[in-house]
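This report describes the sheet of a protein model, then a helix pair and a single residue. Please keep the sequence and the structure in view while reading.

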Amino acid sequence: MDKADYLEQAADIDQLDEKILKLITKNARIPFLEVARECGVSGAAIHQRVQRLLNIGVITGSEFIVNPQKLGYNTCAYMGIYLEKAKYHRQVVAAMRDIPEIVECHYTTGQYAIFIKIQTKTNKHLKKIIDDKLQEIEGIARTETFMSLEMDFKRQVPIQ
């Protein structure tokens, strides 16, 4: 295995790229002309820079963030998943992709093989997902669930 197979290089970005990133991560809908004014360059330059940042993978797109509570998803839980054997990882993840209430899935080190975030409408809905869907997935040995009482903050990585 070559070192390049597991080590991702940081993208080559300059101060203008950083300023653009700071502005567009605060507001993905900010007009490029406003970004251009803030940065002291043309709108075309901003468009080219943003396109370059997309092409090199620094930006992976923009999205509207849905407030789960406004749609009735009032229960947020995190779950550590123990696998019967490590070889079950791929098939367990594939099965979990079919459960729309699972909104994040991470392959982890430590006590759990997989750590997931689940958004459900109620605690009863969460119990149904655990009992009827998760516990039925071949390869899952057991789970440990943590209820989120409140999210204090969520943010992007700092742009230096």
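How many bridges join strand β1 to β4? In this predicted model, strand β1 (residues 75-83) and β4 run antiparallel and are joined by 8 bridges. Within this pairing, Y82 has R142 of β4 as its bridge partner.

The open sheet to which these strands belong has 4 strands, ordered β2-β3-β1-β4, with antiparallel pairing. Its edge strands, β2 and β4, each pair on one side only, and from one strand to the next the twist averages 20°. Helix α4 (residues 89-96) lies across β1, β2, β3 and β4, and runs at about 10° to β3.

| Strand | Residues |
|---|---|
| β1 | 75-83 |
| β2 | 102-107 |
| β3 | 114-120 |
| β4 | 140-148 |

Turning to the helix pair, the axes of α1 (residues 15-26) and α2 (residues 32-39) come within 10 Å and cross at roughly 130°, and the two helices are therefore oblique to each other. The crossing in which α1 passes α2 is right-handed. On α1 the contact is made by L16, K19, I20, L23 and I24, and on α2 by V35, E38 and C39; by class, this contact has 6 nonpolar, no polar and 2 charged residues.

Finally, T120 lies in strand β3 and counts as buried because its relative accessibility is 0%. Leaving aside residues up to four places away in sequence, T120 touches G72, Y73, N74, T75, E101, H125, L126 and I129.

Definitions and conventions
Residues numbered from 1 in each chain as written. Predicted model: local features only at pLDDT ≥ 70, side-chain atom pairs only at ≥ 80, totals over all residues. Heavy atoms only, no water. Buried < 20%, exposed > 50% of the residue type's maximum accessible area, 1.4 Å probe, protein only. Contact = heavy atoms within 4.5 Å. Pairing = 2+ DSSP bridges. Axes fitted to C-alpha atoms, helices over the stretch in contact; angles between N-to-C directions. Parallel < 35°, antiparallel > 145°, perpendicular 65-115°, else oblique. Left-handed = near helix turned anticlockwise from the far one by under 90°. Nonpolar A, V, L, I, M, F, W, Y, C, P; charged D, E, K, R; others polar.
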